[in-house]
Amino acid sequence: SFFQTAKLQPEEAPISEFHFGNNALALASTYAVICAPSQFEVFAGACYGYKTLDSGQSWVFSQQLLPSFSEAVSVDSFGKKVAIDKDKILIASTSESSRTQSAVYYFYTPDEGSSFTNECILISNSSQQDANSFGTALAISDSEAFVGDRFHNYLDSEEFIDSGTVFAYNLTEKSIETPTL
């Protein structure tokens with residue numbers, strides 16, 4: 001049978017509508033990321049890293065993960081989705097507003113999870129007006145990342161079909177760039 005080994009909670013006192021662990025959490029070996037997206041502009045949302053040194057018997061807070069690029073892209077729901085693989089984390093900030101574009105933030109650590117830094121931001125290069133669903137699904141493995149966009153349209157016989165799209169990224173140092181915003 002299974003048994004509970006730990007209870008993880010945010011390091012700061014929760015505020016109203018603080019959705020800690022509500023719909024975005026990820027686990028990879030000795031590191032866990034739990035997000036608390038917000039639906040209000042007064043609090044952009046945050047994600048929290050936890051580390052275990054004893055095979056999951058206890059978890060300690062490691063760091064708060066926040067976006068470092070905010071111009072022209074959404075931070076109003078930072079932490080809506082999260083994916084992790086070894087030394088890489090993807091965190092989506094899907095916009096609920098048509099005023100801002102959704103984005104996915106890429107965090108990396110060279111030191112086995114001791115400290116993750118926001119290396120760059122992925123944004124849809126879609127020319128479609130409704131670019132605020134980019135990041136509704138995330139997956140990462142080694143140097144490959146998939147970012148889902150549930151409302152990205154597919155053009156079929158000159159008729160737009162609201163079918164969704166998955167964008168693939170290669171996360172090697174030479175191929176990933178921080179876009180000019």
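This is a predicted model: local features need pLDDT of at least 70, side-chain atom pairs count only at pLDDT 80 or more; totals for chains, interfaces and linings use all residues.
In what order are the four strands of the open sheet arranged?

**View 1. The open sheet of four strands.** The strands follow the order S5-S6-S7-S8, and their pairing is antiparallel. Strand S5 (78-85) and strand S8 (117-122) form the edges, each pairing on one side only. From one strand to the next, the twist averages 25°.

**View 2. Pairing of S5 with S6.** Strand S6 comprises residues 88-93 and pairs with S5 in the antiparallel sense, over six bridges. Within this region, Val82 stands opposite Ile91 in S6. In a regular strand, side chains alternate between the two faces of the sheet.

**View 3. Strand S7 and its partners.** S7 spans residues 103-108. Five of its six residues are buried, and S7 is thus mostly covered. Six bridges join S7 to S6, the two running antiparallel; here Tyr108 of S7 is the bridge partner of Lys88. S7 also pairs with S8 in the antiparallel sense, over five bridges, and Asn118 in S8 is the bridge partner of Phe107.

**View 4. The largest nonpolar core.** This core has 18 residues. Those with the most contacts inside it are Val33, Leu65, Val82, Ile89, Ile91 and Phe107. Two or more residues are contributed by each of strand S1 (25-28), strand S2 (31-37), S5, S6 and strand S7 (103-108). A second, separate core has 14 residues, including Ala83, Leu138, Ala145 and Val147.

**View 5. The surroundings of Leu65.** Leu65 is one of the residues with the most contacts inside the largest nonpolar core. When neighbours within four places in sequence are left aside, Leu65 is in contact with Val33, Ala46, Cys47, Phe78, Ile89, Ile91, Phe107 and Phe116. Among these partners, Val33, Ile89, Ile91 and Phe107 are likewise listed with the most contacts inside the core.

**View 6. Ala26 in strand S1.** Ala26 is found in strand S1. Is Ala26 buried or exposed? Ala26 counts as buried because its relative accessible area is 13%, with the limit for burial set at under 20%.

Terms used
Residues are numbered from 1 along each chain as its sequence is written. Side-chain values use heavy atoms; hydrogens and water are left out. Two strands pair if DSSP finds at least two bridges between them. Axes are lines fitted to C-alpha atoms, for helices over the stretch in contact, and angles run from 0 to 180 degrees between N-to-C directions. A nonpolar core is a set of buried Ala, Val, Leu, Ile, Met, Phe, Trp, Tyr and Cys residues joined through side-chain atoms within 4.5 Å. Buried means under 20% relative accessible area, exposed over 50%, partly exposed in between (1.4 Å probe, protein chains only). Contact means heavy atoms within 4.5 Å.
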